[in-house]
Amino acid sequence: MSKPWVSIRRLKAFGMLGMNCRNVDFINRYNQRKHFPLVDNKLKTKLLAQEYAVPTPGLKFVVREQHEISHIEQQLADLDSFVLKPAKGSGGKGILVVTGRQGDQFVRSSGALIDITDIRRHMSNILAGLYSLAGSADVAIIEDLIAFDDCFVGYSHEGVPDIRIIVFRGYPVMAMLRLATAASDGKANLHQGAVGVGLALDSGRCLKAAQFGRPIKLHPDTGCSLSDIRISGWRDILLLASQCYDMTSLGYIGTDIVLDKFAGPQLLELNARPGLAIQITNGRGLLPRLRHIEHMSLNRRFRAEQRVDYSMRQFAEESSAAQSPDAG
Amino acid sequence: MALIGMGTAVMRHLSAGTPFLPGQAKSVWLVEARVDFDTTGGPVSASLSLPDAHPPGFELFEEQAASPGYGFTVLGEGDNRRAEWTKREAEGEQSLYYSAQLVESDSDGASAAEPVFSSREYNNYWEDAQELAAKEVLGLARGKSSSPLSLTRELIKLLNSPSSQNAALLRSDTLGQAELLIHFLNRADIPARYVMGLYLEDARRRQILTPMVEIYTEQEWLLVNPKTGDVGVPPNLLLWHRGGVSVLDVSGGKNSRVHFSMIRQTVPAAQLAQITKSDSIFSRLGVQRLPIEEQSMFKLLLLLPLGAAVVVFMRVIIGLKTSGTFMPVLIALAFLQTSLVEGLISFVLVVAAGLALRGYLSRLNLLLVARIAALIVLVIFMISAFSIIGYQLGYSAGMTITFFPMIIIAWTIERMSILWEEDGPSEVVSQGGGSLLVAVIAYLLMQMPLFVHLTFNFPELNLVLLASILAMGQYTGYKLSELWRFRAMDDL
């Protein structure tokens, strides 16, 4: 095994982005405070996305007041499956996924059966701010359930796999696939134990994979080989991520995208303070790419298509070069 | 900015002669007595007993009184010195101040006064039953002793013994232990008198006098602690009132009371005088110009930037996780009041018990504000319980919990408990441990005499701290913890 630490010189050689540097040089400089609510509130993000014709899971309705909950079954009547989530939740907390019905009862993604009173209680917890940051009052969103894309079969434990793409000034700079595990309790957050799979920017192929900051080769629950992963329709996904820059005017964001079997890539949510673990799953630092974009003279008329093509070209051969030592 | 701070400090050093290092001189105690009373109308005169010019272990350096509109004189000398305030007409609540600067010295300060009392002076103080008990106690003590001093010790032992019925009978009287002892000594023909002492502790406010007893034997007065029987003047005890009638006399007022604030200076006395008297810009802007009650507060306040700088350093450069940004500084401040080990133990106890109770609250599905309010009530209950239990078990340490800021504790518990639910106990331990580690480091720095001295006497040095905080705020390098976090990069 290796040392329990890595020298500063090595980190610099990798171009790793540290927390201080991310906060001072990128978030403080490129993300204006006034735009933060757009991404911290999923409802606002969703409405904004509809405005810009960015596909997101369809919004069914919103519960804002406690008294609406008492007659909620009428509104749920024609929905077989749906997702109930808090607008200001973070880290995947408070999300209730209903995949079907059995008589009067609802079937959760885990297979457990719940009835309408459980749903009511969950809704009033959301409204009371149980899942929101700092406990402020919140609203509950009911939206369409994502139909799993078949390419992920065997790669996820309960939760939906999502693709995190860091977008800097409109240019995708790094991507990873996040797979829920038993350790992460079906959530796709890396610090909770989800598997992160680094994706090559030009092809959507697997580069490396890591869980809890250590490299792995197989999914810990299903045993599927992670290096076989290749995302189809990769360019469309990058395109979707890149459009989020025009939508929010935030310079440095993490976009979370899911793949729907029928509707294709959908924007799930945005993050104005994306984590740093993506660098481990890619086996490379963000800094060289960020500095490259930063020093580039930006062509404001560039549309998302052009930016994505530039990123796929510019960051492509680097990616495959980084992958080659791993092959052996 | 650092330069300005340093420069000002150097100039202050040169012009006012404030030394850079503590302990270059004997410490100077500034003691301030504050007399409060409500007037009853008509002329007012207040008279406060003052310490001798050479009380044991100290040397009176300077004294002054501040009381607007009052005439002030110091009467008498030696043990009978008194401060007199007089005014023709006064209304409402009155506050009179007397402050003295005392230098620690080696003088024994023996009182020259001959005992003026005649041993037959005591009156028939006790009722019959008590009289009998007293005789028996005295007889017992006489039998075991050979000199006035040993008799005194035996008496204290007997009076303290919990099993003796005689002692219990006498103690149940309204008399304090000191007065009781004096009655006994007088009866045994040993000259004794009632003394009031003040325990000097740095930056204390609202202190009161402690009753002590002096006995006259072999041509000198010996101080005896009526509670423990210890003989001699403890080094931090200032004998405020020796002999004379009463500590405080007020005519034309009621509800009169006196309490004391004190602070220790590490500046040489002569220079201190120069600082407080001279009119240079530095002396005007020095904290020493403030009343002593405020000064002792500033002593703490001026230490805060140091703690804040420690927090910034630990979070930005080291990358330690703490719960609540500046909670560690507040804990460190509380540690300054308690002491490290006691503070740590009581803090961990309260937070752990709070977490257990919070577990129950979370099942009630309360709103956040109500939950925290409930937690505050519970925290106060817990702290009272700990104090009472601690006191009953004989640990005064239990009382020190009250120095912790309640609201902060309640918030800490709330945060920790959310953390527990969301990220598991390991995260609670890591963040809680991080907070405590930062608090301990901040405490260790804040209690170092050098830093206490520097921040108090050179407030401008905080500019240097500010500069370093700003510099750290722009640091974009790696945190120490990231070297561990990204360790996998080496074997990818």
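**Close-up views of chain B**

**View 1. Residues joining helix 13 and helix 14 of chain B.** In helix 13 of chain B, Met416(B), Leu419(B), Trp420(B) and Asp423(B) are in contact with Pro425(B), Glu427(B), Val428(B), Gln431(B) and Gly432(B) of helix 14 of chain B. Sorted by class, this contact between helix 13 and helix 14 of chain B holds 5 nonpolar, 2 polar and 2 charged residues. The model shown here, as in the other views, is predicted.

**View 2. Geometry of helix 13 and helix 14 of chain B.** Two packed helices are described by the angle between their axes and the distance between the axes. Helix 13 of chain B covers residues 406-423 and helix 14 of chain B covers residues 425-446. Their axes lie 7 Å apart, at an angle of about 140°. Helix 13 and helix 14 of chain B are therefore oblique to each other.

**View 3. Helix 3 and helix 5 of chain B.** Helix 3 of chain B (residues 148-160) and helix 5 of chain B (residues 177-187) have axes that cross at roughly 130° and come within 11 Å. Helix 3 of chain B is therefore oblique to helix 5 of chain B. The crossing of these two helices is right-handed. Helix 3 of chain B contributes Thr152(B), Leu155(B), Ile156(B) and Leu159(B) to the contact, and helix 5 of chain B contributes Gln177(B), Leu180(B), Leu181(B), Phe184(B) and Leu185(B). Of the residues in this contact, 7 are nonpolar, 2 are polar and none is charged.

**View 4. Chain B as the setting of these helices.** Chain B contains 17 helices and 13 strands. It has 492 residues, of which 37% count as buried. Among the contacts in chain B between residues at least 6 apart in sequence, 76% join residues at least 24 apart.

Methods
Residues are numbered from 1 along each chain as its sequence is written. Chains are lettered from A and ligands numbered from 1 in the order in which they are written. This is a predicted model: local features need pLDDT of at least 70, side-chain atom pairs count only at pLDDT 80 or more; totals for chains, interfaces and linings use all residues. Axes are lines fitted to C-alpha atoms, for helices over the stretch in contact, and angles run from 0 to 180 degrees between N-to-C directions. Helices (H or I, at least four residues) and strands (E, at least two) are DSSP runs, numbered from the N terminus. Angles under 35 degrees count as roughly parallel, over 145 as roughly antiparallel, 65 to 115 as roughly perpendicular and the rest as oblique. Two residues are in contact if their C-beta atoms, placed from the backbone, lie within 7 Å. Ala, Val, Leu, Ile, Met, Phe, Trp, Tyr, Cys and Pro count as nonpolar, Asp, Glu, Lys and Arg as charged, and the others, Gly among them, as polar. A crossing is left-handed if the near helix is turned anticlockwise from the far one by less than a right angle, and right-handed if clockwise. A residue is buried if 20 or more other C-beta atoms lie within 10 Å of its own, exposed if 12 or fewer, and partly exposed in between; C-beta atoms are placed from the backbone.
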